[in-house]
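Try each task before reading its solution.

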Amino acid sequence: MHPNERLICAFYEAFDKKDYKTMQNAYHPQACFSDPVFQNLSASEVRAMWEMLTRSAGDLKINFRGAEADDHQGQCRWEARYTFSGTGRPVHNVIDASFRFEEGKILH
């Protein structure tokens with residue numbers, strides 16, 4: 001298994017355990033992040049986002065599959081299941097994530 005593929009797996013295993021410190025450590029000092037909800041985050045904002053999400057996660061469960069990576073890029077499909085606190089309704093999100101790596105860390 002490529003080291004960056006192991007990094008992806010370790011990241012999502014930490015996410016399922018709500019281990020934000022391991023997730024934060026996976027990011028490069030120059031990292032950035034953007035998705036439809038959290039747009040154009042800097043490295044420090046990315047780290048704060050994962051801490052906030054895992055600390056407020058409640059019954060969050062993460063599953064992932066299809067992790068693939070080489071020296072420069074990677075991908076993974078992951079699923080989040082949780083109860084939305086505002087309504088009490090169950091949520092199931094399926095996300096196709098892509099990554100860029102630098103120096104053995106997630107850059108983007």
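## Exercise 1: Aromatic rings

In this predicted model, one aromatic cluster is formed by F11, Y12, F15, Y27, F33, W50, F64, W78, F99 and F101. The structure holds 10 aromatic pairs.

**Task.** Classify the geometry of the pair Y12 and W78, and work out why the pair ties together parts that are apart in sequence.

**Solution.** 
1. Start with the two numbers: the ring centres of Y12 and W78 are 5.5 Å apart, and the planes make an angle of 35 degrees.
2. Next, place the residues: Y12 belongs to helix 1 (residues 3-16) and W78 to strand 4 (residues 73-83), so the pair ties together parts that are 66 residues apart in sequence.
3. Finally, look at accessibility. Y12 is buried at 3% relative accessibility, and W78 is buried with a relative accessible area of 12%.

## Exercise 2: Another partner for Y12

**Task.** Which kind of aromatic pair do Y12 and F99 form?

**Solution.** 
1. The centres of Y12 and F99 lie 6.4 Å apart, with 75 degrees between the planes.
2. An angle over 60 degrees counts as edge-to-face, so Y12 and F99 form an edge-to-face pair.
3. This pair links distant parts of the chain, with Y12 in helix 1 and F99 in strand 5 (residues 90-102), 87 residues apart.
4. F99 is buried too, its relative accessible area being 7%.

## Exercise 3: The surroundings of L107

**Task.** Is L107 buried or exposed, and which residues is L107 in contact with, leaving aside neighbours within four places in sequence?

**Solution.** 
1. Locate L107 in the segment after strand 6 (105-106).
2. Its relative accessibility is 15%, which counts as buried.
3. The contacts of L107 are H28, Q30, A31, C32, R100, F101 and E102, with neighbours within four places left aside.
4. For a C-alpha check, compare L107 with H72: they are 35 residues apart in sequence and 9.6 Å apart in space.

## Exercise 4: Cysteines

**Task.** How many disulfides does the count come to?

**Solution.** 
1. Take C32, which is partly exposed at 34% relative accessibility. The nearest cysteine sulfur belongs to C76 and is 19 Å away.
2. Now take C76, which is buried with a relative accessible area of 4%. The closest cysteine sulfur to that of C76 is in C9, at 6.8 Å, too far for a bond.
3. The cut-off is 2.5 Å between sulfur atoms, and the count comes to zero disulfides.

Terms used:
Residues are numbered from 1 along each chain as its sequence is written. This is a predicted model: local features need pLDDT of at least 70, side-chain atom pairs count only at pLDDT 80 or more; totals for chains, interfaces and linings use all residues. Side-chain values use heavy atoms; hydrogens and water are left out. Rings of Phe, Tyr and Trp (its six-membered ring) pair if their centres lie within 6.5 Å; planes under 30 degrees apart count as stacked, over 60 as edge-to-face and the rest as tilted. Helices (H or I, at least four residues) and strands (E, at least two) are DSSP runs, numbered from the N terminus. Buried means under 20% relative accessible area, exposed over 50%, partly exposed in between (1.4 Å probe, protein chains only). Contact means heavy atoms within 4.5 Å.
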